[in-house]
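I opened this entry to keep track of what I looked up, chain by chain and then across the contact.

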Amino acid sequence: METLHSILPELIRIIVCGICGAVIVFGNALVMGYAERKLAGHIMLRPGPMEVGWHGILQLVLDGLKLMGKQLVVPKMADKPLYMFAPLLAFAPVFVPLLLIPFSDKLQGFDLDVGMLVILAFASINVLAILIGGWSSNNKYSLLGAFRSVSQNIAYEIPMLLSLLAVVFMTNTFSLREIAAAQSPVWFVVVQPLAFLIYIVSMIAETNRAPFDLPEAESELTAGFHTEYSGMSFSLFVLGEYANMFIVCSVATVFFLGGSSGIPLPYFEYTGAVWFLLKVYALMFFLVWIRWTYPRTRFDQLMNFCWKYLIPFSLVNLLITVVVVKLI
Amino acid sequence: MNVEALEDDRHHRFVLNMGPQHPSTHGVLRVVLELEGEYAMHLSPVIGYGHRCHEKIAEHKPAKSFMPNTARMDYLGALIYNQGYAQLLEKATGIEVPLRAEYIRVITSELNRIQSHLLWYGAYLLDLGAFTPIMYAFDDREHILDILEDVTGSRLTYCYHRVGGVSKDIDDKFVTRTREFIDRLRSRFPMYEDLVNGNVILQNRLLDVGELTPNICARYGVTGPLLRGTGVAYDIRRSEPYSVYPEFDFEIPTETKGDAMASFLVRFREMEQSLRIIEQALDKLPEGLSMAAKVPKKLKIPAGDYNSSVEAPRGELSYYLVADGSDVPYRLKIRTPSYSNLSTIPETCSGMLLSDVVSAMGSLDLVIPEIDR
C-alpha cells in the first residue's frame, strides 16, 4: 500500500503525459499536414486544398479517414511480420522524446538528467524502422531508399550531436529544462551561430526532408522506402515524419532559441508554451519553405558535405567552445 | 568506390527496371539498369511501348490526311512537325505558299518551341526534385496555349499548318496577345535565372553529367540543343534555312562542355532567341492571304524522292517521302531527334550514379511518342 501510494502519482503522470503526447502527435500532424499543403500551394501559385470546409481546413481529417479505410497491401514475397512492424517502429518511439521536451517551465513530462541523450537515442530508432520497412517490402526501390536513408541518418547524427554538445559544454548539463533556463539573458543562437547552422542542416537531413529527401526521392526511387506501403501503415510513416520534425524543431528551440522564454504573459510557467510553440512552428515553416524551393542534392554530394564540412566545422566549433569556456 | 574493379563482377549486379511506369521516364520508356550499389554500370533503353505505326499509316491514306498524325508524334512540337510535313508536300507538288502564311507559320512554330522548352524546364527540375518551378513554367506556358488555342482550335496536338498555308488567319487580337506574352516572358527570365539557374544544388547536379562530345554526337546523330551544347552551332534554321527564317536576326546559342548544364543553358537561351524571332516576325508581318489560292483537293505527288528538314525543339526532324505518282505516299520515313538522342545514354551514362542517370536522361528532353511513333 505504501509503495502504491508512492508510485500512484507517477503512474497518473505517465498516463496523462502519454495522452498529451498522443494529442501533440496527431494534432501536429493535422496542423503540419494542412499547413504544408497550403504553403506548398501558395509557394507554387495555387490555392492548395480548398474544397473540404473553409479553405480546405477539414481536408486532412478526411484524408486520415480515407487512409484508415484503405486496404493494407502486403506485397507477395514480403517479410510479413517485419513489413507490418516497421511502420509501428517508425511511429511508436516519438512519444518518449515528447515527454522530455520542456514546453514551458512547468509543462514538461519528465526532466531527466540525460534528457538530450534520450531524445537523440529515440530519434535514431526511426532509421531502423526505415531499414526494416525498405528491406522487408521486397521492392528494389524501397531497398535503395532504405540504404540511402541509413547511411544518411548515421552520417548526419554526428554533426547534430556535436553541435548540441557545444551547448552542453556551456551549460554543463544534459537536462533540457536547465539548458533552456540557462539562456535567460541571450539565446545560444547568438553565442553559437555556427552550431545552430550545423544543427539546422543536420536536422533537415535527419528528418529526410528536401533538399535532403534522398530516401524518398520520387523522381529516382518512386517513393523510396515506403513505395509498397498503403493505408494506415503508410500514414504511420507520415505521422512519424511529422512528429520527428516537431521533435527536432523543439530541440533546436530548447538548445538555441531560449526554450519558452519570451515576453511574459500571465501564468508564465504555463503560458510560456505559446512562445515555445511559436518558435517551433517558425522553424517548421522554414523547413517547408526550404522543401518547396530547392532541388534535391545528389547522394554522394550530401555525404561529402557532411563528412568534409559539417563534421570538421562542428569539431572546430566544439574545440573553440571548450577553450573559451575553460578560459572564462 | 572503384568503378573499374567492379566492371567484371556481374553476378552481384542488381537489375532495376526503371519504367515503363516511372516518374522520371516521362512516358512509357523502360530503362534496364544494372546497378552496383548506386552506380548504374550498364543501361539499356527499351522502347516501343507506344508504337502506333505512323509511318505505315502514312502509306495507307492520302498524303494530305496524314497531317494530324504528325502532331501525335511529338506532342510538344506539334506545329513544327506540321510545318515540316506541309513543307514536304509543298516541295513535292510545287505549291507556292503566300508570304503571310510563312510568317504565321514561323510565329506559331516558335511559340510552340518556347512552350516545349518551358515544359521541359519545369519537368526537368521536377526530376531534380524541385517541385515549384514547374508551376511557374506552366503558368507561362498556359499563356502560349491560350494564344494558340484561339487561332488553331486546340491546345496540344495542333493541326494548323496545311499544305499551301495555314488553316486560319491570325487577327489583331492574336498579335497584341503575343506581344503581351513576349513582354511577360522576358520579365520572367531574370526570376528563373535567380531562382533556379544560379542555384548551387542545381549546378552541382548538372555539371559534368552525361557529357557529350561532337564525336559522340556525330556517331549517334545527336542534334538540337544537345549538339549545340557541345559547341557545334548546328541549327537547321541557319544551316539549311527554310520558310522565312533567313529574314530574321537571331543567334544560335551554344555552350562548349556538352554536359547537362550546357544543354540546360542552351535551351534556356533558345527561348529568348525564339522571342526575338517572333517579335521581328510580328513587326514585319505582311498583308495578304494565309492560304494558297489553289490547292487541289486530291494532291497528286509526282513520282520521286522528297526530303524536308526542320528544327524541332529536340533537334533535327526530317521527312523523307518516296512517291509513286498517286496521292498516297509509297513510303514515308520520319527521322525524329529523340530517337537518336536517347541512343547515346548507354555510352554516356554507364558508371554513373542513379541520380545522375535521371539527371542526364532529363537533359535529353525526351518525348517518348516521338521515339516510338
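Entry 1, chain A. I note at the outset that this is a predicted model. I looked up the secondary structure of chain A and found 14 helices and zero strands. For 328 residues, a compact globule would have a radius of gyration near 20 Å, and chain A agrees, with 20 Å. I took the box of its C-alpha atoms along the principal axes, roughly 60 × 55 × 45 Å. Of the 328 residues in chain A, 52% are buried. I then checked the contacts in chain A between residues at least 6 apart in sequence, and 76% of them join residues at least 24 apart.

Entry 2, the interface. How much area do chain B and chain A bury between them? I found about 2700 Å², with 62% of it on carbon and sulfur atoms. Glu38(B), Phe131(B) and Ile201(B) supply 22% of what chain B buries against chain A, more than any other three residues. The contact draws 33 residues from chain B and 26 residues from chain A. I counted ten residue pairs in polar contact between the two chains. On the side of chain B that touches chain A, at least two residues come from each of strand S1 (14-18), helix H4 (99-127), helix H5 (133-152), helix H7 (200-206) and helix H14 (354-363). S1(B) gives the largest share, five residues. By class, I have 18 nonpolar, ten polar and five charged residues on that side of chain B.

I found two between chain B and chain A. One of them I looked up in detail: Arg148(A) and Glu38(B), 2.6 Å from N to O. Arg148(A) sits in helix H7 (residues 140-171) of chain A, and Glu38(B) in the loop between strand S2 (30-36) and strand S3 (39-46) of chain B. Both residues of this pair are buried.

Thr297(A) lies between helix H13 (268-291) and helix H14 (299-327). Is Thr297(A) buried or exposed? Its relative accessible area is 9%, so I list Thr297(A) as buried. Beyond its neighbours within four places in sequence, its contacts include Pro211(A) and Phe212(A) in chain A, and Ile201(B) and Arg205(B) in chain B. Arg46(A) is in the loop between helix H1 (2-43) and helix H2 (59-69). At 32% relative accessible area, Arg46(A) is partly exposed.

I have 37 salt bridges over all chains. Arg105(B) pairs with Glu90(B), the closest N and O atoms being 2.6 Å apart. Arg105(B) is in helix H4 and Glu90(B) in helix H3 (residues 78-93), so the bridge ties together parts 15 residues apart in sequence. Arg105(B) is buried at 0% relative accessibility, and Glu90(B) is buried at 7%. Arg188(B) pairs with Asp140(B) at 3.1 Å between the closest N and O atoms. Arg188(B) is in helix H6 (residues 172-197) and Asp140(B) in helix H5, 48 residues apart. Both of these are buried as well. Last, I noted a network of salt bridges that links Glu110(B), Arg113(B), Arg228(B), Asp235(B), Arg237(B), Glu270(B) and Glu311(B).

Conventions
Residues numbered from 1 in each chain as written. Chains lettered and ligands numbered in written order. Predicted model: local features only at pLDDT ≥ 70, side-chain atom pairs only at ≥ 80, totals over all residues. Heavy atoms only, no water. Contact = heavy atoms within 4.5 Å. Buried area = accessible area lost by both parts, 1.4 Å probe. Salt bridge = Lys/Arg side-chain N within 4 Å of Asp/Glu carboxyl O. Polar contact = N/O pair within 3.5 Å; in protein donor to acceptor, adjacent residues only side chain to side chain. Helix = DSSP H or I, 4+ residues; strand = E, 2+ residues; numbered from the N terminus. Nonpolar A, V, L, I, M, F, W, Y, C, P; charged D, E, K, R; others polar. Buried < 20%, exposed > 50% of the residue type's maximum accessible area, 1.4 Å probe, protein only. Rg over C-alpha atoms; globule rule 2.2 N^0.38 Å.
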